[in-house]
Amino acid sequence: MTALGNSRLRRLLAPLLVAPLLLGCSQAPSVDVLGSFFPAWLVCFIVAIVLTAVARLALLRLRVKAALPMLVYPSLAALFTFTLWLIFFY
């Protein structure tokens, strides 16, 4: 492909690649907590940290040892965060 054709292709594809990023800018969900608005993802993250701590206590009680705890618990927190987001705000 020539340099002219390559720049034309980039010029045509740029708006198509940027459009999905702009679709999420319509409105950010927020939650009213004691009169102050917090982003919904932050509320989901805080609840997910609590759920991860409960899951850790349950695993300790069942005597299940995590092979890589530095990967398991952040992954559990991310899983809980995304799940809560999908359940309550999607």
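Biologist: Which exposed residues does the face of α3 turned away from its buried side carry?

Modeller: Leu71, Phe82 and Leu86 are the exposed residues on that face. Bear in mind that this is a predicted model.

Biologist: Which residues of α3 are buried?

Modeller: The general idea comes first. An α-helix has 3.6 residues a turn, so residues three or four places apart point the same way. In this case the buried residues of α3 are Tyr73, Leu76, Ala77, Thr81 and Leu84. They lie on the same side of α3, because the arc they cover around the axis is only 130°.

Biologist: What covers the buried residues of α3?

Modeller: The cover includes α2, residues 40-61.

Biologist: Why is Thr81 classed as buried?

Modeller: Buried means under 20% relative accessible area. Thr81 has a relative accessible area of 10%, so it counts as buried.

Biologist: What span does α3 reach from its first C-alpha to its last?

Modeller: With 21 residues, α3 reaches 29 Å, close to the 30 Å expected at 1.5 Å a residue.

Biologist: How should I read the aromatic side chains, and how many aromatic pairs does the structure hold?

Modeller: Zero aromatic pairs are found in the structure. A ring can also be checked for a charge over its face. Here Arg56 lies over the face of Tyr73, at 6.0 Å from the ring centre. Tyr73 is also one of the buried residues of α3.

Biologist: Which residue other than glycine has a positive phi, near 60°?

Modeller: Most residues other than glycine have a negative phi, and most peptide bonds are trans. Arg63 has a positive phi, near 60°. Its place is in the loop between α2 and α3.

Biologist: Is Arg63 buried or exposed?

Modeller: Exposed means over 50% relative accessible area. Arg63 comes to 77%, and is therefore exposed.

Biologist: What pattern does the chain follow along the sequence?

Modeller: The order is α-β-β-α-α, from three helices and two strands. Of the 90 residues in the chain, 11% are buried. Among contacts with a separation of 6 or more, 57% join residues 24 or more positions apart.

Conventions. Residues are numbered from 1 along each chain as its sequence is written. This is a predicted model: local features need pLDDT of at least 70, side-chain atom pairs count only at pLDDT 80 or more; totals for chains, interfaces and linings use all residues. Side-chain values use heavy atoms; hydrogens and water are left out. Buried means under 20% relative accessible area, exposed over 50%, partly exposed in between (1.4 Å probe, protein chains only). Rings of Phe, Tyr and Trp (its six-membered ring) pair if their centres lie within 6.5 Å; planes under 30 degrees apart count as stacked, over 60 as edge-to-face and the rest as tilted. A charge sits over a ring if NZ of Lys or CZ of Arg is within 6 Å of the ring centre and within 35 degrees of the ring normal. Helices (H or I, at least four residues) and strands (E, at least two) are DSSP runs, numbered from the N terminus. The expected span of a helix is 1.5 Å times one less than its number of residues. The arc is that of the directions from the helix axis to the C-beta atoms. Contact means heavy atoms within 4.5 Å.
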